[in-house]
Amino acid sequence: MTTAFRFDLHATDGRARTGVIHTPRGAIRTPAFMPVGTAATVKAMLPESVRATGADILLGNTYHLMLRPTAERIARLGGLHRFMGWDRPILTDSGGFQVMSLASLRKMTEEGVRFSSHIDGSKHMLSPERSMEIQRLLGSDIVMAFDECTSFPADEATARASMELSMRWARRSRDAFGDRPGHALFGIMQGSVYPDQRAESAAALRAIGFDGYAVGGLAVGEGQETMFSVLDYAPDLLPSDRPRYLMGVGKPDDIVGAVERGIDMMDCVLPSRSGRTGQAFTRRGVVNIKNARHMDDPRPLDEACTCPACRGYSRAYLHHVFRAQEIISSMLLTWHNLHYYQELMSGLRSAIAGGRLSAFVAEFHAQRAQGDIEPL
Ligand SMILES: [Zn+2]
């Protein structure tokens, strides 16, 4: 029997929510953080290690996968889950954002976007229909509607034209997705920083009807204050009985602020990318492991962390392997960072369920304000 896609809201605390998204491939506890597996891998991590950090769902990038190894090849090889060895839920983006940020020779029309691959210059087309086809070939559990991510800043007229195009593409995405039991299609709200446009976009998406809704057009360089000013009202324009997804967010304090404002799902390359550049997220802020102060330090990165990097290795070792450009440096720091993010999400879920989110958030900020432990 196929489990239907379903969102159960368990508790709220202020505007924050906690619940579970049920899918045939497993449950997703919300608020959820999704590690990014751009090219069918979360870099430097085995899938079982990603799962061990507490992740219920991964994100895959349509743009990257359609170019290499191609969606058709992945489909022939049994779909993305089998291909990359991850049997739990996968969300794929529509490719819309990355085609605008990575591809060359782009030409956008009402139909979609024609572009050249940044890898080999080959010519491709992304449209609502093609994006739905690629995401179906990949076997994605949560499919994102094809949209145009409005750049920031955008004046009112530019933002409106972009939002209205995205709403026409949302309709075409819905029609092309069809009826696929157990799979979900999420619509994406646009409207930049303009409340009336956000409201129009939300109304247009609700009229079409989606299994979940994303707040798009944020985390594109507008800064935390502006992002929060949109999140102060935008999530409440969306149906309360569907998951709300904030794409591409973010730093730990962005995540906490977004959850406080009613966001249920987020994704970001930050924990994995930072792991490869020697930056570790801890309860007491960011630690730059490349700094010389760690060279003789036998203490763990974070004494309270239960990840393999903190249980088995010293700051001195992590500093050494980073400096020596050993592969284990990326492995250990990525594991630690993903573990930290998932612990943060777990803490947020418990706090919301227990009605003590404001105390949790106050403690989160107080610990970070202390800064890293004193050097030896
Ligand atoms: Zn750790």
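An unreviewed UniProt entry places the feature "domain: tRNA-guanine(15) transglycosylase-like" at residues 15-369. The model discussed here is predicted, and in it the end C-alpha atoms of residues 15-369 lie 25 Å apart, while the span is 44% helix and 18% strand.

**The sheet**

- An open sheet of 8 strands runs in the order E4-E14-E13-E12-E11-E10-E6-E5, and its pairing is parallel.
- Its edges are formed by strand E4 (32-35) and strand E5 (58-60), each of which pairs on one side only.
- On average, and with direction ignored, neighbouring strands of this sheet are turned by 25° against each other.
- Within the sheet, strand E13 (residues 244-246) pairs with strand E14 (residues 265-268) in the parallel sense over 2 bridges, and Tyr-245 has Met-265 as its bridge partner in E14.

**The helix pair H6 and H7**

- Helix H6 (residues 128-138) and helix H7 (residues 156-177) have axes that come within 8 Å and cross at roughly 40°.
- The angle lies between the 35 degrees under which helices count as roughly parallel and the 65 degrees at which roughly perpendicular begins, so H6 and H7 are oblique to each other.
- The crossing of H6 and H7 is right-handed.
- On the H6 side the contact involves Pro-128, Glu-129 and Met-132, which meet Trp-169, Arg-172, Ser-173, Ala-176 and Phe-177 in H7.
- By residue class, the contact of H6 with H7 comprises 5 nonpolar, 1 polar and 2 charged residues.

Conventions:
Residues numbered from 1 in each chain as written. Predicted model: local features only at pLDDT ≥ 70, side-chain atom pairs only at ≥ 80, totals over all residues. UniProt positions renumbered as here; feature names shortened; annotations may be inferred. Helix = DSSP H or I, 4+ residues; strand = E, 2+ residues; numbered from the N terminus. Pairing = 2+ DSSP bridges. Axes fitted to C-alpha atoms, helices over the stretch in contact; angles between N-to-C directions. Parallel < 35°, antiparallel > 145°, perpendicular 65-115°, else oblique. Left-handed = near helix turned anticlockwise from the far one by under 90°. Contact = placed C-beta atoms within 7 Å. Nonpolar A, V, L, I, M, F, W, Y, C, P; charged D, E, K, R; others polar.
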